[in-house]
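Please open the model in your viewer and keep the selection tool at hand. The tour below moves from one selection to the next.

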Amino acid sequence: MEKVPLSQLEGRIRSFKNVMVNSNPEWEMAVIFSKINLYYFTGTMQDGMLIIPREGDPTLWVRRSYQRAQDESLFPFIKPMRSFRDARRDIETLPDTVYLETEVVPLAMYQRFTKHFSFNEFRSVDLQLAGVRAVKSNYELSFMRKSGKIHQHVLEDLGPEMLREGMSEADLAVELFSVLVEEGHDGLTRFGMFDNEMVVGHVGFGDSSIYPTYFDGASGTRGLSPAAPVLGSRHRKLEKGDLVFVDVGCAVNGYNTDKTMTYMYGSALPDHALEAHQRCVEVQNEIARLLKPGAIPSRIYSEIMNNLDDEFLENFMGFGPRKVKFLGHAIGLLIDELPVIAERFDQPLQEGMVFAVEPKKGIKGVGMVGIENTFIVTPRGGECITGDNPGLIPVF
C-alpha cells in the first residue's frame with residue numbers, strides 16, 4: 001500500500017499554517033471536511049474532519065472508518081468519533097471564528113457541526129487551501145508524471161487502433177476507460193466544480209464535440225441521455241470523414257493529468273479546420289513558453305488573446321455563445337484547481353505548479369479542433385508531461 005510519507009504530511013500542515021498567518025494573522029482554528037483536503041493533509045479520505053489549530057497539533061477525527069484510517073495513514077493524530085460531540089469534548093475553548101471550506105460544506109452538515117461547535121462566525125479557507133495545494137512537491141509530481149505517461153501512451157499510441165467504423169461514441173469512451181485503468185489510471189476523474197459528474201471525459205464524433213453542455217469547458221458532448229450527459233452517445237456512430245475528439249482525464253494515486261487528442265478518421269478534414277487546429281497548437285506552445293516562476297496568469301491570458309485576430313477568435317474556446325473565458329487551469333488532486341489562466345488571476349506562478357493548457361476552436365459542421373496537455377511550471381517554461389503529438393492523427 002502506497003502511504004503518503006509523514007514528511008509530506010508535516011510539510012503540508014506547516015505550509016498551510018504559514019499561509020494562514022500571512023493571509024489571516026488573527027486565525028486560531030480551521031476545520032476540514034472534504035475528502036480531497038483530508039487526503040492531502042492526512043493521507044486518508046474518511047468520513048470525518050480534520051481540526052487544525054494555530055497552536056498545537058492537528059487532529060483527524062474519524063467517524064468511519066477509524067480502522068482504515070489507521071491502516072492507510074502515517075498521520076500521528078487520529079481519533080475515533082461517533083458524532084461531533086465526541087470531538088467537541090476534546091477542545092477546551094472554541095475561538096470566536098472558525099475557518100471552513102465554504103465551497104464544499106453543505107448547509108445541513110454545517111448545522112450539525114455548529115450544534116456542538118458553537119462559534120460566533122465562520123470564514124472561508126478555500127483560497128488558502130487551494131494556494132497550498134497548487135505548488136506540488138517532487139513526491140506529488142512523480143505521480144503526475146506517471147499519469148502523464150499513461151495518458152500519452154493510451155491517447156497517442158493506442159487510441160488510433162481503437163477506432164472502428166460503426167462504433168458508437170459510448171463504445172469508444174468505454175474502451176478508453178478500460179484501457180486507461182488497465183494501464184494504471186485510478187478510474188476516477190475528480191472535479192471541484194459543484195455537483196459535477198464525469199466518468200471519462202468528453203468523447204465526440206463530428207459536431208457532437210460542439211454540442212451544448214452544462215460543463216464549464218470549451219467542448220461538449222451529447223452523452224447517453226438528458227439524465228446522463230456523460231461518456232457519449234450510443235446512437236452516433238463513427239463514419240469516414242469524422243473528426244474524433246477525445247478529452248479525458250487520467251490519475252495515479254489521486255493526482256490527475258488532462259489531455260485532449262483528436263483524430264481524422266477515413267479522410268482529412270477541410271483545410272480551414274486543419275489551419276485552425278494548427279493555430280491552436282501554436283497557441284498552446286506559446287502559453288507553455290510563458291509558464292515560468294513569476295509570470296502572472298492574467299497577463300499570459302491577455303497577451304495571448306490580444307494577439308489573436310478576430311476571425312480566429314470566433315468560436316475560439318467554445319462554439320457560438322458557449323465560450324469559456326480561460327486558456328488553462330491548474331491541476332492536481334482535482335482536474336479543475338486554482339489558479340486559472342484567465343483575467344483577475346494576478347498572483348505570480350511558482351515553480352512546481354501544474355497546468356492543463358487547452359486552446360480549442362469550434363468549427364461548424366466539423367466539431368472541436370485543438371489540443372490540451374499538462375505542463376509543470378519550471379524556470380525554462382512549461383514542461384509537458386502528457387506527450388507532444390500535435391493531434392489530428394490520421395487514421396485512414
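Begin by selecting Arg164, which is partly exposed at a relative accessible area of 41% (buried means under 20%, exposed over 50%, partly exposed in between, with a 1.4 Å probe and protein chains only). This is a predicted model, in which local features need pLDDT of at least 70 and side-chain atom pairs count only at pLDDT 80 or more, while totals for chains, interfaces and linings use all residues. Residues are numbered from 1 along each chain as its sequence is written, and side-chain values use heavy atoms, with hydrogens and water left out.

Next, select Glu140 and Arg12, whose closest N and O atoms are 3.9 Å apart in a salt bridge. Here helix α7 (residues 138-162) holds Glu140 and helix α1 (residues 6-23) holds Arg12, 128 residues apart. Glu140 counts as buried at 2% relative accessibility, and Arg12 is buried at 4%.

Finally, turn to Arg68 and Glu72, which form a salt bridge with closest N and O atoms 2.5 Å apart, both within helix α3 (residues 66-72) and four residues apart. Arg68 is partly exposed at 49%, whereas Glu72 is buried at 15%.

Key. A salt bridge is a side-chain nitrogen of Lys or Arg within 4 Å of a carboxyl oxygen of Asp or Glu. Helices (H or I, at least four residues) and strands (E, at least two) are DSSP runs, numbered from the N terminus.
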